[in-house]
Amino acid sequence: MHLSKTAIAAFIAFTLFSCQKAELVEPSVPTPASSSTTGRGVTSSENFETGTTTSYAAANVTLASGSWNFNDALIGNSTSDRKSGTQSARVRNTGKLTMNFDNSFGAGTVTIKHAKYGTDANSTWQLWYSTNAGVSWTQTGGTITSSSTTLTTASFTVNISGNIRFDIRKTGGGTSRINFDDCDITD
């Protein structure tokens with residue numbers, strides 16, 4: 001069998017190139033602080049474990065996700081507080097928890113764990129959002145009733161891109177209190 005010089009050169013080149021080890025480099029994707037990447041996108045989470053406020057007086061509280069305004073609300077860690085970790089937010093009367101910052105990734109879904117505090121009566125609450133840095137607010141989903149002393153997850157479909165912030169408002173139940181924990185926003 002007779003091979004031309006060109007065929008031999010092509011065979012040698014093919015053999016050399018096919019034996020080289022290829023290096024694959026995974027692209028690096030930056031994630032914002034207090035967020036994690038999931039299969040569905042970036043999820044911002046707040047579990048109320050890092051903040052401190054022991055009074056129901058209105059105050060801005062620095063949490064892992066950013067600054068939140070607690071109005072007629074506090075961080076609770078008593079045995080009557082319903083919580084995933086060591087503490088959760090506790091809201092009374094018509095109090096609320098308001099993000100003082102925007103989630104720049106928008107929101108596809110929001111999930112929030114909630115339960116009634118101690119032996120308090122049932123209470124109701126709503127989730128509101130703002131796309132203009134808190135100038136105006138719109139309710140998303142329906143009114144939720146907290147009737148269990150076990151944390152239950154409420155899920156809201158929002159589907160809004162761009163800057164968004166949330167406000168959790170206690171709307172009924174008088175002086176009865178509600179605990180909120182593990183607030184997750186999926187882009």
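The legends below describe an overall view and several close-up views of a predicted model. In this predicted model, local features need pLDDT of at least 70 and side-chain atom pairs count only at pLDDT 80 or more, whereas totals for chains, interfaces and linings use all residues. Residues are numbered from 1 along each chain as its sequence is written, and side-chain values use heavy atoms, with hydrogens and water left out.

**View 1. Overall arrangement of the protein, with one helix and eleven strands.** Helices (H or I, at least four residues) and strands (E, at least two) are DSSP runs, numbered from the N terminus, and along the sequence they follow the pattern α-β-β-β-β-β-β-β-β-β-β-β. Of the 187 residues, 39% count as buried, where buried means under 20% relative accessible area, exposed over 50%, and partly exposed in between (1.4 Å probe, protein chains only). The protein exposes about 10100 Å², of which carbon and sulfur atoms supply 53%; accessible areas come from the Shrake-Rupley method with a 1.4 Å probe, and for residues only the protein chains shown count as cover.

View 2. Ile 75 counts as buried, because its relative accessibility is 7%. Leaving aside neighbours within four places in sequence, Ile 75 is in contact (heavy atoms within 4.5 Å) with Phe 48, Gly 51, Thr 52, Thr 53, Leu 63, Phe 70, Gln 87 and Ser 88. The C-alpha atoms of Ile 75 and Ser 88 are separated by 5.7 Å, although these two residues are 13 residues apart along the chain.

**View 3. Salt bridge between Asp 72 and Arg 92.** A salt bridge is a side-chain nitrogen of Lys or Arg within 4 Å of a carboxyl oxygen of Asp or Glu, and by this rule the count comes to six. The closest N and O atoms of Asp 72 and Arg 92 are 2.6 Å apart. Asp 72 lies in strand 4 and Arg 92 in strand 5 (residues 88-99), so the pair ties together parts that are 20 residues apart in sequence. Asp 72 is buried at 14% relative accessible area, while Arg 92, at 29%, is partly exposed.

**View 4. Salt bridge between Arg 165 and Asp 102.** The N to O distance in this pair is 2.9 Å. Because Arg 165 lies in strand 10 (residues 165-172) and Asp 102 in the loop between strand 5 and strand 6 (107-116), the pair ties together parts that are 63 residues apart in sequence. Arg 165 is buried, with a relative accessible area of 11%, whereas Asp 102 is partly exposed at 26%.
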